[in-house]
Structures are given as C-alpha cells and as structure tokens.
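Hi,

Here is the structure I promised to pass on to you. Please open it beside this email, and then read on for what turned up.

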Amino acid sequence: MHSIVFDIATLWVVILIGLGVVLTLRADSVMRRILALEFVTTLLIALFAIFAGGRNSSNYLDAALMLALLAFVGTLAAARFASDRRIY
Amino acid sequence: MSELLPWIADALVVIGLIVLTISIGGVWRMPDLFRSLHAASIATAFGVGPILIAAGMQNGTILLRGLLVVGFMLLTSPVSAHAIARSFWRTESNGSARAPSTAAPAQPESQSAADRPERA
C-alpha cells in the first residue's frame with residue numbers, strides 16, 4: 001500500500017481503538033464490557049496487519065496471531081466465569 | 001498488473017476500515033447485547049480480513065501468515081460470541097428476550113416441561 005494510506009489507516013485505527021476503550025469504560029454490564037474488550041483486541045489485530053503491510057515485515061503478524069489466540073481464550077474464560085462462576 | 005497491486009491494497013484497506021467503523025458504531029448504538037454481538041461479529045470477517053489480505057498483496061510470506069490469522073479468527077470468533085451470548089442469556093436476560101409478556105421469572109426448562117403434556 002502507499003505510505004499516505006498507511007498513515008491515514010494507522011491514525012484511523014488508533015482513533016477507533018480510543019473509541020473502543022471509551023466503550024469498554026462506559027459499559028453498563030460485564031458482558032458488554034467483555035464484548036468491547038474483544039472488539040479492542042480485533043482492532044489491535046487490524047493495527048498489526050496495517051503495520052505488517054506498511055513496513056513490509058511479517059513479524060508483526062506473529063504478534064497478531066498470538067493476540068488473537070489469547071483474546072479468544074480470555075473472552076471464553078471471562079464469559080464463562082461471569083455466568084457460571086467457574087471457567088470449565 | 002504489478003503496478004496495479006498497491007491500488008488494490010489501498011482499496012482493500014479502505015473497505016476494511018469502513019467496515020470496522022460501521023461495526024463499532026453498531027456496538028455503540030445497539031440497545032441490546034445480542035444486537036451488539038451481531039454488529040461486532042461483522043468486524044472479524046469483513047473488517048480485519050481485507051486489511052490482512054491487503055498487507056500481503058506484495059509479499060507471499062505476509063499473505064500466507066495473514067491468511068493463517070484470518071482462518072484462526074474465523075474459527076474462534078463465533079465461539080467467543082456464543083460464549084458471551086450464552087452467559088448474557090444465563091445471567092441478565094433471563095429468558096425475557098424471547099417472551100417479554102411472561103412476568104413470572106420461573107425457570108424456562110421446568111415450565112416448558114410442565115406445559116408439554118397439557119399441549120400434547
């Protein structure tokens with residue numbers, strides 16, 4: 001991608017991450033907070049992807065893959081603990 | 001063809017960013033958590049996927065690794081969305097989303113089991 005698109009996309013995703021953090025802090029229930037936190041993680045993966053494309057390095061995608069894996073486990077554990085008071 | 005690839009990558013990045021923006025707007029505005037989940041699940045496949053494909057448009061290694069990330073997210077995001085919906089159903093919704101007229105907070109399993117012989 002071109003460098004101007006890289007700059008604008010980075011700024012845009014950072015603004016969206018800020019909105020997601022505001023959404024997480026202003027949530028009225030635990031489930032909505034878990035959902036907003038998972039959404040922030042999805043946006044972080046998008047930010048890593050933009051960096052991997054803009055800087056032409058595949059090392060960012062390793063971090064993105066690990067972030068996706070840990071976010072999945074964390075969301076599953078938090079959601080199950082919020083309803084059942086146990087993880088599994 | 002080779003000079004066309006950066007423009008395709010730009011278009012894919014813009015598409016992904018627009019979908020992500022619409023998705024966070026949906027999560028922000030939807031009154032119910034189930035509808036918020038519906039809005040948030042769009043972002044995984046159609047928001048992050050085009051950005052990851054655009055990142056690997058000129059590099060085969062990045063493309064393969066990005067497709068790995070996309071496949072993993074496509075596998076795991078329905079499971080986590082189902083976990084959030086299930087825990088919301090068990091704790092806060094209490095079955096009122098399906099039948100808002102029934103004011104009695106009885107357990108839906110025992111109630112339906114008691115009703116089933118009468119209807120049959």
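From the N terminus on, the elements of chain B run α-α-α-α. That makes four helices and zero strands for this chain. Please keep in mind as you look around that this is a predicted model.

Follow H2(B) along and you will find a bend of about 35° at B:Ala43.

Now for chain A. Its secondary structure comes to three helices and zero strands, in the pattern α-α-α along the sequence. The radius of gyration of chain A is 15 Å, well over the 12 Å that the globule rule gives for 88 residues, so chain A is more spread out than a compact globule. You can see this in the box that its C-alpha atoms fill, roughly 50 × 25 × 10 Å along the principal axes. Of the 88 residues of chain A, 42% count as buried. Contacts between residues 24 or more positions apart make up 42% of those in chain A with a separation of 6 or more.

How confident is the predictor in chain A? The mean pLDDT of the chain is 92, and 100% of its residues reach 70 or more. Within chain A, confidence is highest in helix H1 (residues 3-25), at a mean of 94, and lowest in helix H3 (residues 59-84), at 92.

Finally, where do the two chains meet? The contact takes 38 residues from chain A and 43 residues from chain B. On the chain B side, the elements that give two or more residues are helix H1 (5-29), helix H2 (33-55) and helix H3 (60-93) of chain B. H3(B) gives the most to this side, with 19 residues. Sorted by type, the residues of chain B that touch chain A divide into 26 nonpolar, 12 polar and five charged.

Enjoy exploring, and write back with any questions!

Best wishes

How values were computed. Residues are numbered from 1 along each chain as its sequence is written. Chains are lettered from A and ligands numbered from 1 in the order in which they are written. This is a predicted model: local features need pLDDT of at least 70, side-chain atom pairs count only at pLDDT 80 or more; totals for chains, interfaces and linings use all residues. Two residues are in contact if their C-beta atoms, placed from the backbone, lie within 7 Å. Ala, Val, Leu, Ile, Met, Phe, Trp, Tyr, Cys and Pro count as nonpolar, Asp, Glu, Lys and Arg as charged, and the others, Gly among them, as polar. The bend at a residue is the angle between axes fitted to the seven residues ending there and the seven starting there. The radius of gyration is taken over C-alpha atoms; the globule rule is 2.2 Å times the number of residues to the power 0.38. A residue is buried if 20 or more other C-beta atoms lie within 10 Å of its own, exposed if 12 or fewer, and partly exposed in between; C-beta atoms are placed from the backbone. pLDDT is the predictor's confidence in each residue, from 0 to 100.
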